[in-house]
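Me: I am new to this structure and would like to learn how to read it. Please take me through it one feature at a time.

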Amino acid sequence: MEIKSAKFIISNTQVEKCPDTKFNEYAFIGRSNVGKSSLINMLTGRQSLAMTSSTPGKTLLINHFLINDNWYLVDLPGYGFAKRSIKERVKIQGIIEDYLLKRQQLANVFVLIDIRIEPQANDLSFMEWLGEHQIPFSIVFTKTDKLKAGQQKIKLQVYFDRLKESWSELPPYFVTSAEKRLGRKELLDYIDKVNNNLI
Ligand code: GTP
Ligand code: MG
């Protein structure tokens with residue numbers, strides 16, 4: 001799929017205030033600093049569309065980006081950021097859960113995982129929560145430029161072995177690098193298929 005246009009539409013903390021359109025949307029979620037905003041910029045080819053930062057906790061709101069005037073990418077705040085106060089973490093979790101449970105237009109959630117780190121309890125329980133609520137999701141492994149091919153393979157195997165402990169079927173997955181622009185075509189083709197009801 002070709003990206004002809006990408007526009008920032010709105011940031012907010014309430015699902016009720018998200019755009020009142022019927023377009024499919026794709027949410028990017030994962031731990032703080034995993035590379036959600038960078039991936040959105042890589043996919044759209046617009047380097048400063050979503051705000052990125054080496055300081056975790058940059059994205060605090062639900063951010064809608066309209067793509068090709070007929071679908072949305074949604075940048076969500078990261079979870080599991082230890083330096084946030086408990087009150088703030090609970091608030092952000094509430095915003096995310098409310099959005100995920102109520103947003104009818106949500107076509108798929110991309111759960112981002114830094115390929116370098118061991119499977120983390122909060123990522124695994126978040127995916128189980130999505131499964132319990134029948135919210136479709138895929139895994140996007142990020143920052144693969146930081147590992148050699150052989151190490152990547154080992155990390156993926158460890159991750160899949162861990163997932164198999166609780167899932168009978170593995171979700172679709174993508175191996176990406178925002179830095180090296182890897183995985184772009186695969187992700188956009190997947191979105192295109194969902195948009196055209198082929199998945
Ligand atoms: P929050 O909004 O804070 O939750 O973070 P985020 O998940 O949106 O992460 P963001 O895209 O802001 O990226 C965090 C840091 O990781 C930045 O310093 C990025 O440059 C870096 N980064 C993101 N993707 C990649 C990648 O594919 N490769 C490398 N090497 N660095 C990356
Ligand atoms: Mg961000």
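Predicted model: local features only at pLDDT ≥ 70, side-chain atom pairs only at ≥ 80, totals over all residues.

Me: At what angle do the axes of α2 and α3 cross, and how close do they come?

Reply: They cross at roughly 30° and come within 11 Å. α2 and α3 are therefore roughly parallel to each other. Their crossing is right-handed. On the α2 side the contact is made by Glu97, Leu100 and Leu101, and on the α3 side by Phe126, Trp129 and Leu130. By class, that contact has 5 nonpolar, no polar and 1 charged residues.

Me: What is the angle between α3 and α4?

Reply: Helix α3, residues 121–132, and helix α4, residues 149–164, pack at about 50°, with axes 12 Å apart. The two are therefore oblique to each other. This crossing is right-handed. Asp123, Leu124 and Met127 of α3 meet Tyr159, Arg162 and Leu163 of α4. The contact residues divide into 4 nonpolar, no polar and 2 charged.

Me: How do α1 and α5 pack?

Reply: Their angle is about 85° and their axes are 10 Å apart; α5 covers residues 184–195. Angles of 65 to 115 degrees count as roughly perpendicular, and α1 and α5 are therefore roughly perpendicular to each other. Leu39, Met42, Leu43 and Thr44 of α1 make the contact with Arg184, Leu187 and Leu188 of α5. Those residues divide into 5 nonpolar, 1 polar and 1 charged.

Me: Is α1 mostly covered or mostly open?

Reply: The cut-off for buried is under 20% relative accessible area. Helix α1, residues 36–44, is mostly covered, with 8 of its 9 residues buried. The buried ones are Lys36, Ser37, Leu39, Ile40, Asn41, Met42, Leu43 and Thr44.

Me: How many residues does the largest nonpolar core have?

Reply: A nonpolar core is made of buried nonpolar residues joined through side-chain atoms within 4.5 Å. The largest one here has 34 residues, and those with the most contacts inside it are Ile29, Tyr99, Leu100, Val109, Val111, Met127 and Leu130. At least two residues of this core come from each of β2, β3, β4, α2, β5, α3, β6 and α4. Leu100 touches Ile29, Leu106, Val109, Phe126, Trp129, Leu130 and Ile135, leaving out residues up to four places away in sequence. Another core, of 25 residues, lies apart from the largest one and includes Ala6, Met42, Leu43 and Phe110.

Me: Where is Tyr79 found, and is Tyr79 buried or exposed?

Reply: Tyr79 is in the loop between β4 and α2. Tyr79 is buried, with a relative accessible area of 13%. Not counting residues up to four places away in sequence, Tyr79 touches Ile29, Gly30, Arg31, Ser32, Val111, Asn122, Asp123 and Phe126. Between Tyr79 and Thr52 there are 15 Å, C-alpha to C-alpha, and the two are 27 residues apart in sequence.

Me: What does Thr144 touch?

Reply: Thr144 touches Ile115, Gln152, Val175, Thr176, Ser177 and Leu182, again not counting residues up to four places away in sequence. Thr144 lies in the loop between β6 and α4. At 2% relative accessibility, Thr144 counts as buried. Thr144 and Gly183 are 39 residues apart along the chain, and their C-alpha atoms are separated by 10.0 Å.

Terms used: Residues numbered from 1 in each chain as written. Chains lettered and ligands numbered in written order. Heavy atoms only, no water. Axes fitted to C-alpha atoms, helices over the stretch in contact; angles between N-to-C directions. Helix = DSSP H or I, 4+ residues; strand = E, 2+ residues; numbered from the N terminus. Parallel < 35°, antiparallel > 145°, perpendicular 65-115°, else oblique. Left-handed = near helix turned anticlockwise from the far one by under 90°. Contact = heavy atoms within 4.5 Å. Nonpolar A, V, L, I, M, F, W, Y, C, P; charged D, E, K, R; others polar. Buried < 20%, exposed > 50% of the residue type's maximum accessible area, 1.4 Å probe, protein only.
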